[in-house]
Amino acid sequence: MSGFTATDHAMMARALRLAERGAYTTRPNPMVGCVVAHGDEVVGEGWHRRKGGPHAEVFALQQAGERARGATAYVTLEPCAHTGSTGPCTEALVAAGVARVVAAMRDPFEAVDGKGFERLREACIAVESGLLETQARALNKGFLSRLERGRPWLRIKLGSSLDGRTAMAGGDSKWITGTQARADVMHWRARSGAILTGSGTVLADDPQLTVRFHDDTDFEPPLRVVLDTGLATIARGKVRAGDAPTLYLHAPDVKPPRDFAAERVAVPLRDGELDLDAVLGLLAARGINEIQVETGATLAGAFLKAGLVDELLVYMAPVLLGERARPLFDGLRIDQMTQRLQLRLVETRHVGDDLRLLLRPQQSGAGSA
């Protein structure tokens, strides 16, 4: 965007890197970073570390102290002007005496949405926005999806052979990919508000669906969501073990056993199956920004066919499983080349011996994120 200097770009890029440090702990709040500087001299910086805690601007201003007066504050999202769990960041910026605020983007959250900029201008602080906005939107694509589309950003994680198979015909899938790929998945789980699976996967694999790091990395355990129309999986215990919460979504007419203590919510049916749009709307209402789906070909195919998939995270191993093995997706019913689903390759990366592919459907409705 014209009007911004090379220093402005460097400082906002720094603020975006700071913001990303909150990827595992801030949800449902957005990730936000802030840098306070005089020219190219940084005098304070911070990031939003945890929901309910101080915002990025507060940490940066505390570090800057008196040197914040007359400085420029670079923030990745419009400062809040309302009182929530903490006080308004706009008032902290005004009190600190900053001369200029540069924001990457406006905050679409109703309680903010331009009000932060307005308050700063009322205090005679110069306000500019739009610097590295594309990068800022990408950073908080889940938060923006929930506010702007009314549903979380949905990512399907898959482990695949080179010939596009996810398990043997009998269901054995341990392990197609290597240990490094499985460790990498934990980081994607940790940034997700929910890890979602279907009853078939629970019955076949009895998965834990938890984040398991081998160090002291801080994270908030994602919600585990099981789509189970008839509550057929309640005898499987691993998905309810540990500290992570679990939610069962089932058909309206299902009555669980009296001793069934897990949280459950009835969801409307569509064509005999749980309404996936209703599922995503329900999870958005619970503050879920990003969902990672880890399931079999049937449910994965249903999400893709419904046009609800924003991202595919595929770990492709250098192995062949043959034509009798299970495919990536079922139910797509593609008979002609003109019906093919076009994907855009966003990123490729080697993870151990495997290749990690990040892809997005061309018609995902994902917007500019």
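Visitor: Why is the charged end of R182 said to sit over the ring of W175?
Guide: The rule asks that NZ of Lys or CZ of Arg be within 6 Å of the ring centre and within 35 degrees of the ring normal. In this predicted model, where local features need pLDDT of at least 70, side-chain atom pairs count only at pLDDT 80 or more, and totals for chains, interfaces and linings use all residues, the charged end of R182 sits over that ring, 4.2 Å from its centre. Residues are numbered from 1 along each chain as its sequence is written, and side-chain values use heavy atoms, with hydrogens and water left out.

Visitor: Which ring does the charged end of K141 sit over?
Guide: The ring is that of W153, with the charged end of K141 5.7 Å from its centre.

Visitor: What makes two rings an aromatic pair?
Guide: Rings of Phe, Tyr and Trp (its six-membered ring) pair if their centres lie within 6.5 Å; planes under 30 degrees apart are stacked, over 60 edge-to-face, and the rest tilted. For F213 and F219, the centres are 5.6 Å apart and the planes stand at 80°, so the pair is edge-to-face. Ring pairs also join Y24 with F213 and F219 in a cluster.

Visitor: How do you know whether F213 and F219 are buried or partly exposed?
Guide: Buried means under 20% relative accessible area, exposed over 50%, and partly exposed in between (1.4 Å probe, protein chains only). F213 has 17% and is therefore buried, whereas F219 has 23% and counts as partly exposed.

Visitor: What makes a stretch a helix or a strand?
Guide: Helices (H or I, at least four residues) and strands (E, at least two) are DSSP runs, numbered from the N terminus.

Visitor: How do you know that strand 1 and strand 2 pair?
Guide: Two strands pair if DSSP finds at least two bridges between them. Six bridges join strand 1 to strand 2 (residues 41-47), and the two run antiparallel. H38 stands opposite E41 of strand 2. The two strands form a hairpin with two residues between them, and G39 in the turn has a positive phi of about 60°.

Visitor: What joins strand 1 to strand 3?
Guide: Four bridges link strand 1 to strand 3 (residues 72-75), in antiparallel fashion. T72 of strand 3 is the bridge partner of A37.

Visitor: Why is strand 1 described as largely enclosed?
Guide: Five of the six residues of strand 1 (residues 33-38) are buried, so the rest of the structure largely encloses this strand.

Visitor: Why are the buried residues of helix 4 placed on the same side?
Guide: In helix 4 (residues 115-122), G116, F117 and L120 are buried. They cover an arc of only 100° around the axis, which puts them on the same side of helix 4; the arc is that of the directions from the helix axis to the C-beta atoms. Their cover includes helix 3 (89-96), strand 4 (100-103) and strand 5 (126-129).

Visitor: What makes strand 11 and strand 17 edge strands?
Guide: An open sheet of nine strands runs in the order 11-10-9-8-14-6-15-18-17, with mixed pairing. Strand 11 (263-266) and strand 17 (343-351) each have a single partner strand, so one side of each is left without a neighbour in the sheet.

Definitions and conventions
Contact means heavy atoms within 4.5 Å.
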